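Please view the sequence and the model together while reading.

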Amino acid sequence: MKLSEWARRNGVHYQTAWLWAKNGQMPVPVVRTETGRYLVLEPTASAGRTVAYCRVSSADQKDDLERQAGRVVTAATARGLTVAEVVTEVGSGSNARRPKLAKLLRDAAVTTIVVEHRDRLARFGVEHLTCALAATGRSIVVLNEAEVDDDLVREMTEILTSFCARLYGRRSAKRKAQAAMTAAEVTA
C-alpha cells in the first residue's frame with residue numbers, strides 16, 4: 001500500500017511516516033520503488049495468529065462467557081478470519097490487572113485480536129491501544145461496533161459508589177476517632 005494510505009490508517013502524519021521510511025525507522029516493512037515512492041508491505045495472513053478475546057465482569061456471568069466465545073468465533077470465521085485460540089477472562093473492564101489480556105498484548109505472534117464489543121477489551125483507551133498495535137503491524141477487530149451503554153452506566157455507577165464509600169468512610173472513621181479522643185479526655 002502507499003505510504004500515505006498507511007499513514008492515514010494509523011493516525012500518523014504523512015511527513016512523519018516519510019521521515020521514518022527515509023531513516024529506516026518504520027515499524028512495518030517498507031520498500032522504495034525506482035521512482036522514489038515508498039510502499040508499505042502488507043503483512044501476510046500466515047505471518048501471525050488470530051486470537052479471540054472474550055471477557056465478562058463477574059464470576060456469575062461465566063455462562064455468558066461461553067456463549068460470547070461461540071459468537072466471536074462464528075462471526076470471525078464468517079469474516080474470513082481463522083481463530084487460532086480463544087482467550088477468556090473474568091474481570092472488570094476498568095481494571096488494568098487482567099493477566100491474560102496483558103499476555104496477549106505482549107505476544108508478538110498474535111497479529112489480530114478479535115472482540116465482540118469494544119468494551120470487552122477495555123472500557124477506556126481502546127483507540128490508543130488500536131494505534132499502538134497498528135504501529136507494529138497488528139490489529140484489533142471489533143465485530144459489533146455498537147456501544148453497550150447499559151454495561152457502561154452500571155460500571156460507572158459501581159465506580160462512583162466505590163469512590164464515595166471510600167471518601168465518606170474515611171470521614172466517618174475520622175469523626176469516630178475524634179469522638180473517642182474527646183471521650184477519653186473528658187474521663188481523664
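Helices (H or I, at least four residues) and strands (E, at least two) are DSSP runs, numbered from the N terminus. This is a predicted model: local features need pLDDT of at least 70, side-chain atom pairs count only at pLDDT 80 or more, and totals for chains, interfaces and linings use all residues. Residues are numbered from 1 along each chain as its sequence is written, and side-chain values use heavy atoms, with hydrogens and water left out.

## Helix 5 and Arg120

Helix 5 spans residues 118–121 and contains Arg120. Arg120 has 7% relative accessibility, so it counts as buried. Buried means under 20% relative accessible area, exposed means over 50%, and partly exposed lies in between (1.4 Å probe, protein chains only).

## Strand 3 and its neighbours

Strand 3 covers residues 49–56, and seven of its eight residues are buried. Which strands does strand 3 pair with in the parallel sense? One is strand 5 (residues 110–115), over four bridges. Another is strand 4 (residues 83–90), over seven bridges. Pairing requires that DSSP finds at least two bridges between two strands.

Individual partners can be picked out. Arg49 has Val110 of strand 5 as its bridge partner. Ala52 stands opposite Val86 in strand 4.

Strand 3, helix 3 (residues 62–78) and strand 4 form a right-handed β-α-β unit. Right-handed means that, with the strands pointing away from the viewer, the path from the first strand over the helix to the second runs clockwise.

## Salt bridges

How many salt bridges does a search of the whole structure find? The count is seven. The criterion is a side-chain nitrogen of Lys or Arg within 4 Å of a carboxyl oxygen of Asp or Glu. Side chains of opposite charge can pair when their charged atoms come close.

Arg49 bridges to Asp107, with the closest N and O atoms 3.0 Å apart. This pair links distant parts of the chain: Arg49 lies in strand 3, Asp107 in the loop between helix 4 (99–106) and strand 5, 58 residues apart. Arg49 is partly exposed at 29% relative accessible area. Asp107 is also partly exposed, at 28%. A network of salt bridges links Arg49, Glu85 and Asp107.

## Helix 3 side chains

Asp64 and Arg67 meet in a salt bridge of 2.2 Å, N to O. They sit three residues apart in helix 3, so about one helical turn separates them. Asp64 is partly exposed, with a relative accessible area of 32%. Arg67 is partly exposed as well, at 48%.

Arg71 pairs with Glu116 in a salt bridge, the closest N and O atoms being 2.7 Å apart. Here too distant parts of the chain are linked: Arg71 is in helix 3, Glu116 is in the loop between strand 5 and helix 5, and 45 residues separate them.

## Helix 2

Tyr14 belongs to helix 2 (residues 14–23). At 41% relative accessibility, Tyr14 counts as partly exposed.
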